[in-house]
Amino acid sequence: MSDAIAPGWYPDPVDTDVQRYWDGEQWVGAPIPVDATPPATPPPTPPPRPPAVALPPTPQAAPAGSPQAIQVADPYRGTPFLVYGKPVAALGARFMARFVDILAVLVLNIVVNGWFAYQWWLEVAPTVAQTQRWMAGQASELPVASHRAGNLQLAILGIGLVLWFAYEVPAQATTGQTLGKRLFQIRVIRHDGQLPGFRWSFARWAFMALPTACFWPCFVPLQVVDALWCTWDRPLRHCLHDRLFGTTVVQLGPEDLRAPAARPPAAEHTDQDQELPGG
């Protein structure tokens, strides 16, 4: 069609009140009223626009919870997920760190709770001997432990919880690491990239510890399920206490070991900290 129509001024097919110049291929120039006398020369052709230049993106910090903060580099080659640039901690390191922590708390209990445990044994030893005689048919009644033995048992349990709390919660709140985690170079962080802080550290600890005081027969099964949950959880290998309270255990690199751990920002104690996030 462009070969059949000679260049010239023609009524605009869209707006019939104006006329425009057809250069043989396209409409060019500004329109003029349809009843105006067109100029003898075609309208000037505007200079071509310069090509757009792509500017490099401005580096910005990834917001909390964005895909840039939690991502995987190569999911088909077994590369671990990266949480704020740190790989998720290996299961072996996590289990060994927990084993060290259990031993450390046990040693503290032997030192601090040793006297109470000795007194408890002196109190229950006659009851144990009498029970053995009853089972052998040498006694007519099944003995009952004394009231003092029950009080000593409660004292041992309470002191054990206090020692466990003092060992784990403050250190994890301020550095993200207990002794075991420090030895195996792993750290607990929240899902906004910050250290846990006291609230999250206490919540993680209480989920494991409070059943000891309230429902002690269920304590061991709950601990086992909690510890083993990370073996099938994907992709961040959360234990139950991590999933419930929005934390992840990451592996540290050499640069993290040289630099001191950053403390949680002041915003942690604002209204945003009123609820514990789910994981």
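Residues are numbered from 1 along each chain as its sequence is written, and side-chain values use heavy atoms, with hydrogens and water left out. Because the model is predicted, local features need pLDDT of at least 70 and side-chain atom pairs count only at pLDDT 80 or more, whereas totals for chains, interfaces and linings use all residues.

Helices and strands are DSSP runs numbered from the N terminus (helices: H or I, at least four residues; strands: E, at least two). Helix H1 spans residues 91–135. Although H1 has 45 residues, its end C-alpha atoms are only 46 Å apart, short of the 66 Å that a straight helix would reach; this expected span is 1.5 Å times one less than the number of residues. H1 bends by about 65° at Asn 113, the bend being the angle between axes fitted to the seven residues ending there and the seven starting there. Asn 113 is also among the buried residues of H1, which include Arg 94, Asp 101, Asn 109 and Gln 119 (buried: under 20% relative accessible area, with a 1.4 Å probe and protein chains only). The buried residues of H1 pack against helices H2 (147–175), H3 (179–183) and H6 (240–245), and against strands S7 (186–190) and S8 (247–251). After H1 comes Gly 137, with a positive phi near 80°.

A nonpolar core is a set of buried Ala, Val, Leu, Ile, Met, Phe, Trp, Tyr and Cys residues joined through side-chain atoms within 4.5 Å. The largest such core has 10 residues, among them Ala 104, Val 105, Leu 161, Trp 164, Val 169 and Trp 205. H1, H2 and helix H4 (197–214) each give two or more residues to this core. Apart from it lies another core, of six residues, including Ala 89, Ala 93, Ala 97 and Val 188.

Strands S1 (residues 8–11) and S2 run antiparallel and are joined by four bridges, where pairing requires at least two DSSP bridges. The two strands form a hairpin with six residues between them, and Pro 11 has Gln 19 of S2 as its bridge partner. Strand S2 (residues 18–22) is largely enclosed by the rest of the structure, because four of its five residues are buried. S2 also pairs with strand S3 (residues 27–33), again in the antiparallel sense and over four bridges. Trp 22 is the bridge partner of Trp 27 in S3. In the S2–S3 hairpin, four residues lie between the strands, and Gly 24 takes a positive phi near 100°.

How values were computed
Buried < 20%, exposed > 50% of the residue type's maximum accessible area, 1.4 Å probe, protein only. Contact = heavy atoms within 4.5 Å.
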